[in-house]
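Reader: I would like to go through the labels on this model one at a time. Please set each value against its cut-off.

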Amino acid sequence: LVTLRNPAERAFSQFCMCVKQGLLPHNTTFESFVEGEIDQLMERGFLKEGTLSLSEYEKKRDKFDLSNVMDKTLSPFAFHDVTLEEYAEIASKVIKLTEDLRGANFMLFRGFYALQLLPWVEIFGPRQQMMIIKFEDLTDNQPHVEERILRFAGIESPFIPERKRDIKRNGFRGGAEINPMTKEYLKWLYQ
């Protein structure tokens with residue numbers, strides 16, 4: 001079982017947690033953090049040089065078809081010109097750089113789920129042996145998702161696990177919401 005959260009929401013939640021825990025200065029904005037991490041990911045070769053920054057995206061979004069992720073001129077990904085193995089190697093180097101760093105680093109990088117799932121797909125094979133659940137589905141309709149999990153595991157439906165607690169979200173956010181433009185930019189980045 002794999003649970004994946006909307007990567008933009010996950011990054012924003014982690015950002016709020018890091019600010020609350022003092023890992024980032026309280027006057028840091030999520031937007032400035034996004035800009036800084038985009039620069040770091042370009043420096044490390046994970047995103048191609050010249051990837052649209054948040055501010056550039058805001059200016060250009062009406063002039064280009066930014067929804068076309070396969071457009072090499074607009075796509076942020078460095079993998080268009082390398083093999084999947086080479087790209088995985090680049091990602092592996094970024095991951096190694098983050099291993100010793102605490103939670104305030106590479107929040108956006110952690111949202112590129114495909115690279116994190118590759119090793120698991122190699123171990124468990126095709127998707128029929130893996131169940132991917134959206135975190136938002138789990139929080140919005142926990143009983144339905146639990147039923148799907150039981151079916152996936154081959155457990156008879158009358159079995160109902162005791163529910164210890166409902167899954168909550170936004171624990172560290174304190175009601176804060178992600179800026180709509182930033183959310184749109186991250187959606188473009190993660191597509």
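Author: Helices (H or I, at least four residues) and strands (E, at least two) are DSSP runs, numbered from the N terminus. Isoleucine 123 sits in helix H5, residues 113-124. The model is predicted, so local features need pLDDT of at least 70 and side-chain atom pairs pLDDT 80 or more, while totals for chains, interfaces and linings use all residues. Residues are numbered from 1 along each chain as its sequence is written, and side-chain values use heavy atoms, with hydrogens and water left out.

Reader: Why is isoleucine 123 called exposed?

Author: Exposed means over 50% relative accessible area, buried under 20%, and partly exposed in between (1.4 Å probe, protein chains only). Isoleucine 123 has 60%, so it counts as exposed.

Reader: What makes Trp120, Ile123 and Phe124 a patch?

Author: Patch residues have over 30% relative accessible area and no salt bridge; nonpolar side chains (Val, Leu, Ile, Met, Phe, Trp, Tyr) are joined within 5 Å, like charges within 9 Å. Trp120, Ile123 and Phe124 form such a nonpolar patch on the surface, with about 330 Å² of accessible area together. Areas come from the Shrake-Rupley method with a 1.4 Å probe; for residues, only the protein chains shown count as cover.

Reader: How many salt bridges does the structure hold?

Author: Two. A salt bridge is a side-chain nitrogen of Lys or Arg within 4 Å of a carboxyl oxygen of Asp or Glu.

Reader: How do you know that glutamate 9 and lysine 183 meet in one?

Author: Their N to O distance is 2.8 Å, and the limit is 4 Å. The pair links distant parts of the chain, 174 residues apart: glutamate 9 in helix H1 (residues 7-20) and lysine 183 in helix H8 (residues 180-190).

Reader: Are glutamate 9 and lysine 183 buried or partly exposed?

Author: Glutamate 9 is at 11%, so it counts as buried. Lysine 183 is at 35%, so it counts as partly exposed.

Reader: What makes glutamate 147 and arginine 151 a salt bridge?

Author: Their side chains meet at 3.1 Å, N to O. Both lie in helix H7 (residues 142-153); they are four residues apart, so about one helical turn separates them. Glutamate 147 counts as partly exposed because its relative accessibility is 38%.

Reader: What about the chain as a whole?

Author: The chain has eight helices and two strands. Their order along the sequence is β-α-α-α-α-α-β-α-α-α. Of its 191 residues, 37% are buried.
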